[in-house]
Amino acid sequence: MQQIERGGAAAGAFVNGRMIGFASLDGILMSRPEKYANLTMLFIDNRWQRQGIGKKLFQQICRHAKRKGADRVFISAIPSHDTISFYFSMGCLDAAYIIGEFADTEYDRYLEYHLK
């Protein structure tokens with residue numbers, strides 16, 4: 001809720017009224033030197049993965065980040081093979097800057113997505 005109040009966004013995917021996936025973006029932008037938005041969560045239920053749902057949620061969140069004036073989206077990702085493969089398939093790269101305020105844990109893989 002706090003992320004939304006700061007101008008962020010949340011998106012969900014539902015099947016028969018049941019949430020099967022969600023994504024969220026914090027509304028705070030950080031400059032390093034480009035403006036970064038923070039993708040705080042992206043989750044798809046295991047039974048619904050590899051069906052394009054994560055891609056649609058990611059694209060929706062990125063559109064919101066761009067409307068807010070962000071140049072890039074920062075992602076602090078769990079370093080599993082499937083997670084990193086997903087983000088690379090979306091066009092993400094290893095982050096040029098590690099934004100400490102956006103990093104979840106020191107064990108995560110830091111990625112970014114260029115919006116422009």
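Predicted model: local features only at pLDDT ≥ 70, side-chain atom pairs only at ≥ 80, totals over all residues.
Helix H2 covers residues 53–67, and the chain crosses from strand E3 through H2 to strand E4 in a right-handed β-α-β crossover. Strand E4 also pairs with strand E6, and strand E6 is in turn joined by bridges to strand E5.

**Helix H2**

- With 15 residues at 1.5 Å a residue, H2 should span 21 Å, and this agrees with the 22 Å that separates its end C-alpha atoms.
- The buried residues of H2 are Ile 53, Gly 54, Leu 57, Phe 58, Ile 61, Cys 62, His 64 and Ala 65.
- Seen down the axis of H2, these buried residues fall within an arc of 160°, and they therefore line one face of the helix.
- On the other side of H2, the residues Lys 56 and Arg 67 are exposed.
- The partners against which the buried residues of H2 pack are strands E1 (9–15), E2 (18–31), E3 (35–44), E4 (72–77) and E6 (109–114), together with helix H3 (81–89).
- After H2 comes Gly 69, which has a positive phi, near 105°.

- Strands E2 and E3 are paired in the antiparallel sense, with 8 bridges between them, and a hairpin of 3 residues connects E2 to E3.
- Within this pairing, Phe 22 is placed opposite Phe 43 in E3.
- Strands E3 and E4, by contrast, run parallel and are joined by 4 bridges, with Tyr 36 having Arg 72 in E4 as its bridge partner.

**Strands E4, E5 and E6**

- The pairing of E4 with E6 is antiparallel and extends over 6 bridges, and in it Val 73 stands opposite Tyr 113 in E6.
- Strands E5 and E6 likewise run antiparallel, joined by 2 bridges, and here Asp 94 is found opposite Leu 111 in E6.

**Ser 76 in strand E4**

- Ser 76, which lies in strand E4, has a relative accessible area of 11%, and because this is under 20% the residue counts as buried.
- The side chain of Ser 76 comes to 2.9 Å from the backbone nitrogen of Asp 104, and a polar contact of 2.7 Å links the side chain of Ser 76 to that of Asp 108.
- When its neighbours within four places in sequence are left aside, Ser 76 is in contact with Phe 102, Ala 103, Asp 104, Thr 105, Asp 108, Arg 109 and Tyr 110.

**Leu 93 in strand E5**

- Leu 93 belongs to strand E5, which consists of residues 93–94.
- Not counting residues up to four places away in sequence, Leu 93 touches Phe 88, Tyr 110, Leu 111, Glu 112 and His 114.
- Between Leu 93 and Ile 75 there is a separation of 18 residues in sequence, while in space their C-alpha atoms are 9.8 Å apart.

Key. Residues numbered from 1 in each chain as written. Heavy atoms only, no water. Expected span 1.5 Å × (residues − 1). Buried < 20%, exposed > 50% of the residue type's maximum accessible area, 1.4 Å probe, protein only. Arc of directions from axis to C-beta. Contact = heavy atoms within 4.5 Å. Pairing = 2+ DSSP bridges. Right-handed = clockwise from strand over helix to strand, strands pointing away. Polar contact = N/O pair within 3.5 Å; in protein donor to acceptor, adjacent residues only side chain to side chain.
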